[in-house]
Amino acid sequence: MKEKLSCFHAAILVHMTQTGIVIFALPGLLAVQFGTNGWLAVPLYFIVTLINVSLIAIVYRVGEGKSIFDILERSIPKVMLYPLYVFLIGLWSLIGCIAAKKYILLFQLIAFPTTNPMAFKFVIDLLAYALIVKGLYNIAKTATVFFWLIIWMGLFLFYFFGDLEWVTFTPFVFQGGHHDVKTYFDIYAAFLGYELSLLFIGYSDRKTRLVKAIIWGNGITAINYILICLVSFGFFSLPQLKSLFVPLLDLLASIKLPFIERIENLLYGFFLFSTILTIGMYSWSAKEVSQRIFPTVRSRFLAFVIVLLSFIVSFIPKSLYEVDKWLRLLAYLEFWVAFGLPLLLISVLIVQRGSKGELSHG
Amino acid sequence: MVKCILIASVLGTSIILSACSDRRIIEEIGFIQSASYDRSADGQLIIAISIPKADSGSKVSREEFLTTARSAKEARITLSRQSQLTLASGQLRNVLFGCSLARLGIWEHIDSLVRDTVISPQVRITLVDGDAAKLLTRQYKQHPIPGRYIEQLLEKSSRNQTVPKVTLHDFVKEYYEEGIDPVAPIIRDKGDHVEIGGIGLFRDDRYVASLHPEEALIFAFLRGKFNQGEIIMDLGSRNGIKETAMLSAINSKRRITVNFDQGVPTVYCHARIQGSIMEYNGTLKISDIHGRHQLETQIAQNVTERANKMIRLMQNNGVDSLGIGRFVRNSMSYSGWKSLDWMAKYPEVKVIVNVSVFIKDVGKLKI
């Protein structure tokens, strides 16, 4: 019998999948988009994710724990599902690969600037591959270990409390922002990752309390983001925050301990753990979907092909601007997948229930 | 097992290979510790850098380089031609700007420093009354590495509130923020040593006025909260005797409130100062509670007068170095603030300073 996810592991897995490279730009994005006290938008985004999670919860309850593929394939012919599957494979493997490329390009801002970024990408993809082939249960356990390896960095936020000036926050809420539609999606990218929990359904049982785990994981992410953004809005002045490309990196660079300073390189390295998890989970999801198209092909081989293809694709975007452009498009598509896929599944389940009712009545 | 070895070897090889092009050997790197910016007579930029020598066998403790260029980055390329070392800015601690250059504006240089990911936001920004390059490259008998000497001098002085602590982050924050202007400490060359020359006040990125070093603590009282410092008060003359008091171990808190009367803001700046009297040569009996109260009132009056004078100087020069505008902004509506031309209004704003002093003790003596 397959091992099932525990509630704690699932929660941490959701949190770690969400925590990726967008966290570095998040305070700046909020400042540009919402203006004054933009950090207050984080709870609003959290509420939107909860609405999405409630759709996933309906799929879980009504589908009685069946995997999303079983639900879809029961009502829709497989051939008709293939375009959707191919789209999901492409989208999820690209999100993983472009997120990794962005992590590397940001890393090269502070270290090894002239090294070929694809050399780092190769190493990261190799690690991601080693993670994917181990299966979801082991990925979840790895996520828990990685979580403990990075969560302590939250203590550094206390370092800034002495430097926070309440006058900098201003009493104004959401004034002076751009309120640009595209940037709403850019910010939402920081929360994406929980939607992959749709694929956990087949790996969980009652004890997993999956919906509770997703909410908890999401909650940890939201609290984390609120604290980071709150500190950023007090530490930087608003126009300064707007001008910074990766404010979290500047925040880390400002830490000066009596025995050490300039530790942002070291701390940024720790974020590799959460980035690998994000890459791993998106690639694993792509592999899960590809398994439905090629059920007889070995899972390891599929994982290898996905990682290899995404590695080749990641040669294309060369600058941070290009990577951001790609990520923006991918996050936009993923937002609609996050809401669209559960809605599609709910519709299919309603049809299935209706025909079941007709059969029982007939 | 074979797979593990394979993965480990691929990882190891990749890391080694990837590190090849960005190799750093510490003996081959010149870590710039301090840099100075001046303006030459023909309008060019004079840049000097100071590099402490890591080699213990070397007779000299530092190396200095000087060049003329159009920008700091161009200067770094030119300077690297003069040195056998690879110049690195990651350990930069001080950036000194000559006052004559600062009067023209320093944002383009600050922008270059902020943009460079290698440079720490904790780098100190300092003005030099005179030639910054000369101060940085001078031989001080007792201080073989001037960069480090200046860093320690500023560190100690900012702890004692003799100058405000101004890092690259602080300067940029205040430059960008509405309702406050940046400041920077001033130092000057005194032959065999360097001394604190006051506080430079900026309008945006241009240095426009300065405060005397003796006024630094008054500035600190008005600017925020602090826990360490000492000040000598000239309390005037009584019966032909010049009275002075020294207030030490100071704790100070500041609160600013704003009232609007028919749309015109009046700013109330209240400072609560607490400290110990370490020296007093007046006629009051400070061991007595009434004498202490009288002295507290005298000190409060003295601080208030000096604070008013300082605020007038700032208003006359159009510099909001105390950040009064931020409090005015926070007491208005957003649209009201946006429609207000704060810097035009600022010189006419009424600022009422209210200082209360509390003497904790008068030292070990009972008399």
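Axes are lines fitted to C-alpha atoms, for helices over the stretch in contact, and angles run from 0 to 180 degrees between N-to-C directions. In this predicted model, the axes of helix α3 (residues 41–62) of chain A and helix α10 of chain A come within 10 Å and cross at roughly 170 degrees. Angles over 145 degrees count as roughly antiparallel, and α3(A) and α10(A) are therefore roughly antiparallel to each other. The structure also holds 4 cavities of 30 Å³ or more, and its largest pocket has a volume of about 1,600 Å³.

**Packing of α3(A) with α10(A)**

- On the α3(A) side, the contact is made by V42(A), P43(A), F46(A), T49(A), L50(A), V53(A), I56(A), A57(A), Y60(A) and R61(A).
- The α10(A) side contributes L210(A), V211(A), I214(A), I215(A), N218(A), G219(A), A222(A), Y225(A), I226(A) and C229(A).
- By class, this contact of α3(A) with α10(A) comprises 16 nonpolar, 3 polar and 1 charged residues.

**Packing of α2(A) with α10(A)**

- Helix α2 (residues 22–34) of chain A and helix α10 (residues 210–235) of chain A have axes that come within 10 Å and cross at roughly 60 degrees, which makes α2(A) oblique to α10(A).
- The crossing of these two helices, α2(A) and α10(A), is right-handed.
- From α2(A), the residues in contact are I23(A), L26(A), P27(A), L30(A) and A31(A); from α10(A), they are Y225(A), I228(A), C229(A), S232(A) and F233(A).
- The contact of α2(A) with α10(A) consists of 9 nonpolar residues and 1 polar residue, with no charged residues.
- Y225(A) and C229(A) of α10(A) take part in the contact with α2(A) and also in the contact with α3(A).

**Packing of α4(A) with α5(A)**

- Helix α4 (residues 68–75) of chain A packs against helix α5 (residues 78–110) of chain A at an angle of about 135 degrees, and their axes are 9 Å apart.
- The helices α4(A) and α5(A) are therefore oblique to each other.
- F69(A), L72(A) and E73(A) of α4(A) meet K78(A), L81(A), L84(A) and Y85(A) of α5(A).
- Of the residues in the contact of α4(A) with α5(A), 5 are nonpolar and 2 are charged, with no polar residues.

**Cavities**

- The largest cavity has a volume of about 170 Å³.
- Its lining has 15 residues, with A35(B), Y37(B), A72(B), R76(B) and S89(B) nearest the centre.
- In chain B, β2 (34–39), β3 (45–52), α2 (72–82) and α4 (107–115) each supply at least two residues of the lining of the largest cavity, and the largest share, 5 residues, comes from α2(B).
- The lining of the largest cavity is made up of 11 nonpolar, 2 polar and 2 charged residues.
- The second largest cavity has a volume of about 80 Å³.
- A total of 13 residues line the second largest cavity, and K256(A), E261(A), L92(B), R93(B) and Q122(B) are the closest to its centre.
- By class, the lining of the second largest cavity has 2 nonpolar, 4 polar and 7 charged residues.

**Largest pocket**

- The pocket of about 1,600 Å³ is lined by 43 residues, of which G162(A), D163(A), E165(A), G224(B) and K225(B) are the closest to its centre.
- Elements that each supply at least two residues of this lining are α8 (166–169) of chain A and, from chain B, α6 (146–159), α7 (168–176), α8 (216–223), β12 (241–261) and α10 (324–330).
- The lining of the largest pocket divides into 18 nonpolar, 10 polar and 15 charged residues.

How values were computed. Residues are numbered from 1 along each chain as its sequence is written. Chains are lettered from A and ligands numbered from 1 in the order in which they are written. This is a predicted model: local features need pLDDT of at least 70, side-chain atom pairs count only at pLDDT 80 or more; totals for chains, interfaces and linings use all residues. Side-chain values use heavy atoms; hydrogens and water are left out. Helices (H or I, at least four residues) and strands (E, at least two) are DSSP runs, numbered from the N terminus. Angles under 35 degrees count as roughly parallel, over 145 as roughly antiparallel, 65 to 115 as roughly perpendicular and the rest as oblique. A crossing is left-handed if the near helix is turned anticlockwise from the far one by less than a right angle, and right-handed if clockwise. Contact means heavy atoms within 4.5 Å. Ala, Val, Leu, Ile, Met, Phe, Trp, Tyr, Cys and Pro count as nonpolar, Asp, Glu, Lys and Arg as charged, and the others, Gly among them, as polar. On a 1 Å grid over the protein atoms alone, a cavity is a set of points where a 1.4 Å probe fits but cannot get out, and a pocket is an open set with protein on both sides within 12 Å along at least five of seven lines; lining residues have an atom within 4 Å of a point. Grid points are joined across faces, edges and corners, and a volume is the space filled by probe spheres set on the points.
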